[in-house]
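Student: Can we go through this one together? I'd like to start with the packing and then look at helices and rings.
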Amino acid sequence: MKNYLKNFTFLTLSLFLLAYDRIALSNEYCGDKGVWIQILGAGGSELDDKQASSSYLIWLNNQAKVLIDTGPGSSVAFDKSGANFEDLEAIAYTQLRADHSSDLPAFIIGSYDLARTRPLPIFGPSSSSTQFPGLTIFIERLIGPNGAFPKLADSLTFKSASGYKIRPRDVPSAGNRVWARFGTQELRLSSIPVSNSESPTIAWRVDVAGYSLVFTGDFNNQKNQVARFAKNVDAFVVTHAIPEISRGKLRDTYVLPSQIGRIAKQANARMVILGHRTNRTKGRESQSRQSIEKHYQEDIIFADDMECWGL
């Protein structure tokens, strides 16, 4: 009897561990078929939140196709994901603040020994402000001949030691028009300016293989145009940086959970993924969920690093 119980306990534990491994794999690794979104960085700008900063990777049939933002830590997460840099069709920035962009030089220098040969388009918000440069000026200041990392400057030429050329392009960050000037046989990118009190910001929509994803970046929804832009989207990926009780300047920069719920409802989004989670919102997930669910009752996901969700 004792041996029977011992064997039964061992078998039960083994099955539990196997099931746990499968659950972990389903969350941390993307499937071989279809469209998936992987969270490379779910955190904000804090050093003590134990997460990388904003970055998302869109997969199609086991190939990484679009990288949205490159916040601190995202290059390490990209490596862990098993993605091939050669497969990327584009990098797109919602904004150029350090917590959304600072790993770009790490991606560039890290790709020098890889097999990429075709140009890499990089898109980001335009700007007429000297305080907040547009994407082309930002990249020139970062990796141009007189930039912070001048040895990477040849990446902007066809003679690049990396084997490929970077093609930066400014995308309008003011006005109300949708920009939609990039596409391949597999996907299409479009963007629209959104309101942010601190820096030029745009939301991105990625349409791929019959599915759609929208990434808002940090915005306050004063222009109230995101819901239309995200109409019938499969995944609405939105910044969750402040709790419902926030007041003052924070509300000039970020949306409240209740606003996220209203926008998702108006957009008829299939799921909401809450990224850019800060220490202000961690530990308040129940309150945030309640505020969102007053308006939106579909799937709500609080993102964590390396999770992967299939559409």
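**Cores, helices and ring pairs**

Tutor: In this predicted model, the largest nonpolar core has 32 residues, and those with the most contacts inside it are L57, L88 and I122.

Student: Which elements give two or more residues to this core?

Tutor: They are β1, β2, β3 (63-68), α2, α4, β5 and α5. The largest share, five residues, comes from α5.

Student: And what does L88 touch, leaving out residues up to four places away in sequence?

Tutor: With those left out, L88 touches L57, A64, K65, V66, L67, F78, R116, R118 and L120.

Student: Why would residues three or four places apart point the same way?

Tutor: An α-helix has 3.6 residues a turn, so residues at that spacing point the same way.

Student: Now α2. Which residues are buried there?

Tutor: In α2, residues 74-81, the buried ones are S74, S75, A77, F78 and S81. They cover an arc of only 160 degrees around the axis, which puts them on the same side of α2.

Student: What's on the face turned away from that buried side?

Tutor: That face carries the exposed residues D79 and K80.

Student: And what covers the buried residues of α2?

Tutor: The cover includes β1 (35-41), β2 (55-60) and α4 (104-110).

Student: What follows α2?

Tutor: G82 follows α2, and its phi is positive, near 85 degrees.

Student: Switching to rings. How many aromatic pairs does a search of the whole structure find?

Tutor: The search finds eight. One of them is F78 with F107, an edge-to-face pair at 5.4 Å centre to centre with 80 degrees between the planes. F78 lies in helix α2 and F107 in helix α4, so this pair ties together parts that are 29 residues apart in sequence.

Student: Are F78 and F107 buried or exposed?

Tutor: F78 is buried, with a relative accessible area of 7%. F107 is buried too, at 5%.

Student: What about F123 and W204, what kind of pair is that?

Tutor: F123 and W204 form a tilted pair, 6.1 Å centre to centre with 50 degrees between the planes. F123 lies in strand β5 and W204 in strand β9 (residues 201-208), so the pair ties together parts that are 81 residues apart in sequence. Both F123 and W204 are buried.

Student: Which residues do ring pairs link into a cluster?

Tutor: The cluster consists of F78, F85, F107 and Y164. The charged end of R116 sits over the ring of Y164, 5.8 Å from its centre.

Student: Last one, L60. Where is L60 found?

Tutor: L60 is found in strand β2, and at 7% relative accessibility it counts as buried. Its C-alpha atom is separated by 6.6 Å from that of W36, 24 residues apart along the chain.

Student: And what does L60 touch, not counting residues up to four places away in sequence?

Tutor: With those not counted, L60 touches G34, V35, K65, E186, V208 and A209.

Definitions and conventions:
Residues are numbered from 1 along each chain as its sequence is written. This is a predicted model: local features need pLDDT of at least 70, side-chain atom pairs count only at pLDDT 80 or more; totals for chains, interfaces and linings use all residues. Side-chain values use heavy atoms; hydrogens and water are left out. Buried means under 20% relative accessible area, exposed over 50%, partly exposed in between (1.4 Å probe, protein chains only). Helices (H or I, at least four residues) and strands (E, at least two) are DSSP runs, numbered from the N terminus. The arc is that of the directions from the helix axis to the C-beta atoms. Contact means heavy atoms within 4.5 Å. Rings of Phe, Tyr and Trp (its six-membered ring) pair if their centres lie within 6.5 Å; planes under 30 degrees apart count as stacked, over 60 as edge-to-face and the rest as tilted. A charge sits over a ring if NZ of Lys or CZ of Arg is within 6 Å of the ring centre and within 35 degrees of the ring normal. A nonpolar core is a set of buried Ala, Val, Leu, Ile, Met, Phe, Trp, Tyr and Cys residues joined through side-chain atoms within 4.5 Å.
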